[in-house]
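Keep the picture at hand and try each task before you read its solution.

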Amino acid sequence: MVHAGLECGFIAEKYPHMEIISIGPSMEYVHTPRERLHVPSVERVALFLRELLEDLDQ
């Protein structure tokens, strides 16, 4: 299950021609008492975003 589906779907409905991606760390059982975050995935996402933003700045 991709948790971001709801948010992306809502934005896409308002802006149908916008290209949308969703990224984030690996999580399980989101918004439940059993919610879990895979900590190593946070670093991977942060490094990716840093590289992306540095590339956009050039």
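**Exercise 1.** Find out whether Ile23 is buried, exposed or partly exposed, and which surface patch contains Ile23.

*Solution.* Step one: the relative accessible area of Ile23 is 45%. Step two: compare this with the cut-offs, where buried means under 20%, exposed over 50% and partly exposed in between (1.4 Å probe, protein chains only). Ile23 is therefore partly exposed. Step three: Ile23 sits in the loop between α1 (5-14) and β1 (27-28). Step four: together with Ile21, Phe48, Leu49, Leu52, Leu53 and Leu56, Ile23 makes a nonpolar surface patch of about 690 Å². Such patches take residues with over 30% relative accessible area and no salt bridge, nonpolar side chains being joined within 5 Å and like charges within 9 Å.

The model is predicted: local features need pLDDT of at least 70 and side-chain atom pairs pLDDT 80 or more, while totals for chains, interfaces and linings use all residues. Residues are numbered from 1 along each chain as its sequence is written, and side-chain values use heavy atoms, without hydrogens and water.

**Exercise 2.** Which residues form the negative surface patch?

*Solution.* The members are Glu51, Glu54, Asp55 and Asp57. Take Asp57: this residue is in helix α2 (residues 39-57). With a relative accessible area of 68%, Asp57 is exposed.

How values were computed:
Accessible areas come from the Shrake-Rupley method with a 1.4 Å probe; for residues, only the protein chains shown count as cover. A salt bridge is a side-chain nitrogen of Lys or Arg within 4 Å of a carboxyl oxygen of Asp or Glu. Lys and Arg count as positive and Asp and Glu as negative; His and the chain ends are not counted. The place of a charge is taken as NZ of Lys, CZ of Arg, CG of Asp or CD of Glu. Helices (H or I, at least four residues) and strands (E, at least two) are DSSP runs, numbered from the N terminus.
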